[in-house]
Amino acid sequence: MRHGDKEAAVRRLLDTPHPPVPAGLGALAAARGDRMRRRERALRRVGGVLAGLAALGFTVWAAEVRPWETPPAATTPPFAGP
């Protein structure tokens, strides 16, 4: 479609009578948006707490295991006496 055809189609749609809107639609949409916002905020808080707990658990594990140190040798090196 050309731009002029699209514009004419939109103008025809806007010239028709609009369908009736239920009376409480705005209030229902606002209530639903409020519930969604509270749910997202709660999920974000839970995610932050879980990330913090994971970081704390990793820190405790790393302090205990010390993975950056080389493990002791399984056998002792041969002794070349004096």
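Predicted model: local features only at pLDDT ≥ 70, side-chain atom pairs only at ≥ 80, totals over all residues.
Colleague: What box do the C-alpha atoms fill along the principal axes?

Modeller: Roughly 105 × 40 × 10 Å.

Colleague: And how do I read burial here? What share of the 82 residues is buried?

Modeller: The general idea is a cut-off: a residue is called buried under 20% relative accessible area, exposed over 50%, and partly exposed in between. In this protein, buried residues make up 1% of the 82.

Colleague: How much accessible surface is there, and what part of it belongs to carbon and sulfur atoms?

Modeller: The accessible surface comes to about 8000 Å², with 66% of that belonging to carbon and sulfur atoms.

Colleague: Which residues form a nonpolar patch on the surface?

Modeller: Look at V46, V49, L50, L53, L56 and V60. Together they have about 570 Å² of accessible area. Take L50 as one of them. L50 lies in helix 2, and its relative accessibility is 52%; the cut-off is over 50%, so L50 counts as exposed.

Colleague: Let's do charges. How many positive and negative side chains does the protein have?

Modeller: There are 13 positive and 7 negative side chains. The centres of the two sets lie 6 Å apart.

Colleague: How should I think about salt bridges, and how many does the structure hold?

Modeller: The general idea is that side chains of opposite charge can pair when their charged atoms come close. The structure holds 5 salt bridges. One of them joins the side chains of R2 and D5, at 3.7 Å from N to O. R2 counts as exposed at 60% relative accessibility, while D5 is partly exposed with a relative accessible area of 34%.

Colleague: Which residues are linked in a network of salt bridges?

Modeller: D34, R37 and R38. The side chains of D34 and R37 meet at 2.9 Å, N to O. D34 also forms a salt bridge with R38, where the closest N and O atoms are 2.6 Å apart.

Colleague: Why are D34 and R37 separated by about one helical turn?

Modeller: Because they're 3 residues apart in helix 2. D34 and R38 are 4 residues apart in helix 2, so they too are separated by about one helical turn.

Colleague: And how exposed are the members of that network?

Modeller: D34 counts as partly exposed at 27% relative accessibility. R37 counts as partly exposed at 48%, and R38 is partly exposed with a relative accessible area of 45%.

Colleague: What about F79 and T16, how far apart are they in space?

Modeller: 99 Å, C-alpha to C-alpha, at 63 residues apart in sequence. F79 lies in the segment after helix 2, and at 73% relative accessibility F79 counts as exposed.

Colleague: One for backbone angles: what is phi of R66 near?

Modeller: Phi of R66 is near 50°, a positive value in a residue other than glycine. R66 sits in the segment after helix 2, and R66 counts as partly exposed at 42% relative accessibility.

Key:
Residues numbered from 1 in each chain as written. Heavy atoms only, no water. Buried < 20%, exposed > 50% of the residue type's maximum accessible area, 1.4 Å probe, protein only. Areas by Shrake-Rupley, 256 points an atom, 1.4 Å probe, with all protein chains shown as cover. Lys, Arg positive; Asp, Glu negative; His and termini not counted. Charge placed at Lys NZ, Arg CZ, Asp CG, Glu CD. Patch = residues over 30% accessible without salt bridge, like charges linked within 9 Å, V, L, I, M, F, W, Y side chains within 5 Å. Salt bridge = Lys/Arg side-chain N within 4 Å of Asp/Glu carboxyl O. Helix = DSSP H or I, 4+ residues; strand = E, 2+ residues; numbered from the N terminus.
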